[in-house]
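Look over the model shown here before reading on. The paragraphs after it go from the surface to the fold and then to the confidence of the prediction.

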Amino acid sequence: FEAAARVAAVLSLTGRDAVVGYSPDPAAVALGGLFEPADPRPQAAAEEATRTAAFVPLPERGAVRFAQRNVQDWLTAFALAGLPAAAVRSALAGPDGRVAPRLREPA
């Protein structure tokens with residue numbers, strides 16, 4: 001659950017729709033870059049989560065996206081719940097200080 005929530009939060013906060021297992025492109029959201037390499041368990045949990053019905057495989061090899069936006073929003077909210085309020089405000093607010101439209105549901 002925590003691994004899937006981290007994937008959701010990263011996708012939501014970066015404005016990306018898909019995650020890949022590995023990519024040499026530093027702009028891509030890759031599972032390998034979301035977790036500390038010293039502990040492989042969270043990455044393994046995320047890989048396992050991407051094989052559930054919450055995710056849909058994409059034509060690009062190894063790429064998946066959330067099957068429904070509300071699942072991504074829900075998991076994003078859980079991921080952000082453990083952060084200090086100032087960090088959440090900073091992550092969700094746009095340059096004008098308002099919550100970005102795409103992030104209103106997780107907020």
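The protein chain has an accessible surface of about 6900 Å², and carbon and sulfur atoms account for 56% of that area. This is a predicted model, and the values given here are computed from its atoms. Turning from the surface to the interior, 29% of the 107 residues of the protein chain count as buried; for this count, buried means under 20% relative accessible area.

Next comes the fold. The protein chain contains four helices and three strands. Read from the N terminus on, these elements follow the order α-β-α-β-β-α-α.

What are the overall dimensions of the protein chain? Along its principal axes, the C-alpha trace spans about 40 × 30 × 25 Å. The radius of gyration of the protein chain is 14 Å, which agrees with a compact globule, because a globule with 107 residues would have a value near 13 Å. Contacts can also be sorted by separation in sequence. Of the contacts between residues at least 6 apart in sequence, 49% join residues at least 24 apart.

Last comes the confidence of the prediction. The average pLDDT of the protein chain is 89, and 100% of the residues score at least 70. Which element has the lowest mean pLDDT, and which the highest? Helix α4 (residues 85–92) has the lowest mean, 84, while strand β2 (residues 55–57) has the highest, 96. Where pLDDT is low, predicted coordinates should not be read in detail.

Notes
Residues are numbered from 1 along each chain as its sequence is written. This is a predicted model: local features need pLDDT of at least 70, side-chain atom pairs count only at pLDDT 80 or more; totals for chains, interfaces and linings use all residues. Side-chain values use heavy atoms; hydrogens and water are left out. Helices (H or I, at least four residues) and strands (E, at least two) are DSSP runs, numbered from the N terminus. The radius of gyration is taken over C-alpha atoms; the globule rule is 2.2 Å times the number of residues to the power 0.38. Buried means under 20% relative accessible area, exposed over 50%, partly exposed in between (1.4 Å probe, protein chains only). Contact means heavy atoms within 4.5 Å. Accessible areas come from the Shrake-Rupley method with a 1.4 Å probe; for residues, only the protein chains shown count as cover. pLDDT is the predictor's confidence in each residue, from 0 to 100.
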